[in-house]
Amino acid sequence: MIDMTATPVSTTPCTWLTVIGIGEDGLAGLSETARQALDEACLLFGGARHLALVPERPGQERHPWPSPFELAYEQLLVRRGQPVCVLASGDPMFFGIGASLAQRLPPEELRILPAPSSVSLAAARLGWALQDVTVIPAHGRPPARVNLHLAPGARLLVLSADGATPRRLAAQLTARGYGLSRLTVLERLGGACERRLENTAAEWSAGVEDCAALNLIAVECRADPDALPLSRRVGLPDAAYEHDGQLTKRDVRAATLARLAPRPGELLWDVGAGCGSIGIEWMRADERCRAIAIESDAARRALIERNRDALGVPDLVLVAGRAPEALEGLQTPDAIFIGGGLTVAGVAERCWSALKPGGRLVANAVTIQSEAFLVALRERIGGELTRISVAHAAPLGRFDGWRTAMPVTLLTAVKPR
């Protein structure tokens, strides 16, 4: 007879690792559950600042984060099965260690106990609705990312890297034509030493000294009268770029990117990138989009570097070299744009073979020879040919007339799945 009251034996590992979000108020801000986990832990892991917020207990080990930080995961996993606590700032799942640990451990082994994040506390202090705010981490990330989000009326919360971040950010905003923006620096949020500093970006960069290392910057974006506000949609004004003439002009660029069709998380190869406009606007379309710009000319690579930072996509990867050789070893792309070197032997073939099934290839031609090449290429791989002719009104004596730019032929092809 089967005993239906017997307790089944579980083979699932028990929860042994607790990640506790802790604020500047230390133990006072923790729940009873978090305090109990701390009391029962045989080992505490955390930054020196976080460990200092928790009184030492006899027999309990305390380990500050190692350097390099990646060693911490190995040190934690060797204690698997023992009660271990990790201390983290605020909400550990918001740009924190909790998200990294969740990728390495099954959910039944991990418990996350969040506290209010600095972002939540900042929104409460400012009276800002969080759903209307863009949060930008600056710790360990290029500060040029902020430029992507600059727009009149935008509200940003920037997670500082250190006490000098507000001063550097103020100078950056001023240089980008947003010196009128209002900056509010909130130091040591939630603690006894909490402090608030306010000024415009232009006035801040002129004289305010460094702040406390632990701070968050709130930015209310206001454009200067002569600033050039930029849309996140494709087809930025040509004046948004530094270039030497090798620039896919605005109307053709918009048509090209519409055919490349950027989607979140996808990778673009921009072959013969010129000043980088196609790859840059591909990445501006969605923060998860990635791009590699391949350019052989050193002066143009310098232009790409300046343009990618100015337009807020510093993660654009730049490869020095000439296709097809420079394409070897690159990550498989979801889309490819060939803007330069189209007729060089092997370039189109190498690009087509590298493209993922279902990926898009777009190539532009201006000369008769390159157009003939596209016609022949379509015979081999299929696709659609489009010719674009753009005319702009320009002075003609006392009147205006149409000045027609050189027509551009586009080949768009989708690789069969």
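Two residues are taken to be in contact when heavy atoms of theirs lie within 4.5 Å, and it is in this sense that packing is described here for the predicted model. The buried residues of helix α12 pack against α11 (347–354), β15 (360–365), β16 (384–388) and β19 (408–414).

Helix α12 itself covers residues 368–381, and its 14 residues reach 20 Å from the first C-alpha to the last, which is close to the 20 Å expected at 1.5 Å a residue. Its buried residues are S370, L374, L377 and I381. Seen down the axis of α12, these buried residues fall within an arc of 65°, so they line one face of the helix. This arrangement can be read against a general rule: an α-helix has 3.6 residues a turn, so residues three or four places apart point the same way. On the other side of α12, by contrast, I368, Q369 and E379 are exposed. Just after the helix, G382 takes a positive phi of about 85°.

The largest nonpolar core of the model has 26 residues, and those with the most contacts inside it are W269, V271, I294, I338 and C351. At least two residues of this core are supplied by each of β11 (267–271), β12 (290–295), β14 (335–338), α11, β15, α12 and β19, while the largest share, 5 residues, comes from α11. When neighbours within four places in sequence are left aside, C351 is in contact with V271, L327, I336, I338 and L361. Apart from this core lies another, of 24 residues, among them I280, A293, F337 and V362.

Technical notes: Residues numbered from 1 in each chain as written. Predicted model: local features only at pLDDT ≥ 70, side-chain atom pairs only at ≥ 80, totals over all residues. Heavy atoms only, no water. Helix = DSSP H or I, 4+ residues; strand = E, 2+ residues; numbered from the N terminus. Expected span 1.5 Å × (residues − 1). Buried < 20%, exposed > 50% of the residue type's maximum accessible area, 1.4 Å probe, protein only. Arc of directions from axis to C-beta. Core = buried A, V, L, I, M, F, W, Y, C linked by side-chain atoms within 4.5 Å.
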